[in-house]
Amino acid sequence: MPVNLLKNRSSDRPTSMRPRESSKAMAVVRKVYDVAETILWAGLLAFVGYFLVYVLPHMSEIQSRAETVRIAKISSENSFYCEKWGMKPGTHEHTLCTMDLQELRHQVQQEMLDELSVP
């Protein structure tokens with residue numbers, strides 16, 4: 001009787017644990033994994049190709065457009081605050097106010113840059 005306990009009978013195992021079916025499942029898992037990996041690599045290569053062909057050549061245009069938008073936004077904000085403080089657009093006081101705000105922004109940016117560059 002002890003001999004029977006030591007024997008490894010495949011019929012005693014649950015169906016999902018049998019080696020033959022397990023290897024079939026693993027083959028399916030490997031196939032799905034390989035296909036997913038191939039798709040991801042193809043997507044990465046397609047994105048790199050798109051970036052090299054369409055984005056990189058126009059990078060300077062994109063940067064200049066972003067800078068133009070940033071300057072227009074800052075100018076609009078400066079004008080808004082000067083008008084909020086009671087200075088009418090087109091007056092000498094309004095012009096001086098916007099110049100002062102530009103200088104203030106420049107000083108703050110310079111201080112931030114100085115703080116970042118300190119080791």
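Biologist: Which residues line the largest pocket, and how is such a lining to be read?

Modeller: Arg 70, Ile 71, Ile 74, Ser 75, Asn 78, Gln 102, Arg 105, His 106 and Gln 109 line the largest pocket. A pocket here is an open set of points on a 1 Å grid over the protein atoms alone, where a 1.4 Å probe fits and protein lies on both sides within 12 Å along at least five of seven lines, and a lining residue has an atom within 4 Å of a point. This is a predicted model, in which local features need pLDDT of at least 70 and side-chain atom pairs count only at pLDDT 80 or more, while totals for chains, interfaces and linings use all residues. Residues are numbered from 1 along each chain as its sequence is written, and side-chain values use heavy atoms, with hydrogens and water left out.

Biologist: Which elements give two or more residues to that lining, and what is the volume of the largest pocket?

Modeller: The elements are α3 (59-84) and α4 (92-117), where helices are DSSP runs of H or I with at least four residues and strands are runs of E with at least two, numbered from the N terminus. The most comes from α3, with five residues. The volume of the largest pocket is about 170 Å³, taken as the space filled by probe spheres set on the grid points, which are joined across faces, edges and corners. By class, its lining holds two nonpolar, five polar and two charged residues; Ala, Val, Leu, Ile, Met, Phe, Trp, Tyr, Cys and Pro count as nonpolar, Asp, Glu, Lys and Arg as charged, and the others, Gly among them, as polar.

Biologist: How many helices and strands does the protein chain have?

Modeller: The protein chain has four helices and zero strands, so that, from the N terminus on, its elements run α-α-α-α. Both α3 and α4 have 26 residues, and from first C-alpha to last α3 reaches 37 Å and α4 reaches 38 Å. Each span is close to the expected 38 Å, which is 1.5 Å times one less than the number of residues. After α3 comes Gly 86, with a positive phi near 95°.

Biologist: Which residues of α3 and α4 are buried?

Modeller: In α3 they are Ile 74, Asn 78, Ser 79 and Cys 82, and in α4 they are His 94, Cys 97, Thr 98 and Leu 101, with buried meaning under 20% relative accessible area for a 1.4 Å probe and protein chains only. The general idea is that an α-helix has 3.6 residues a turn, so residues three or four places apart point the same way. Here the buried residues of α3 pack against α4, and those of α4 pack against α3. Asn 78, in helix α3, counts as buried at 2% relative accessibility; leaving out residues up to four places away in sequence, Asn 78 touches Thr 98, Leu 101, Gln 102 and Arg 105, a contact being heavy atoms within 4.5 Å. Over the protein chain of 119 residues, 8% are buried.

Biologist: Where is the disulfide, and what is its handedness?

Modeller: In the whole structure one is found, formed by Cys 82 and Cys 97 with their sulfur atoms 2.0 Å apart. The pair links distant parts of the chain, Cys 82 in helix α3 and Cys 97 in helix α4 being 15 residues apart. The disulfide is left-handed because the torsion about its S-S bond is about -95°. Cys 82 counts as buried at 0% relative accessibility, and Cys 97 is buried with a relative accessible area of 8%.

Technical notes:
A disulfide is a pair of cysteine sulfur atoms within 2.5 Å. Buried means under 20% relative accessible area, exposed over 50%, partly exposed in between (1.4 Å probe, protein chains only).
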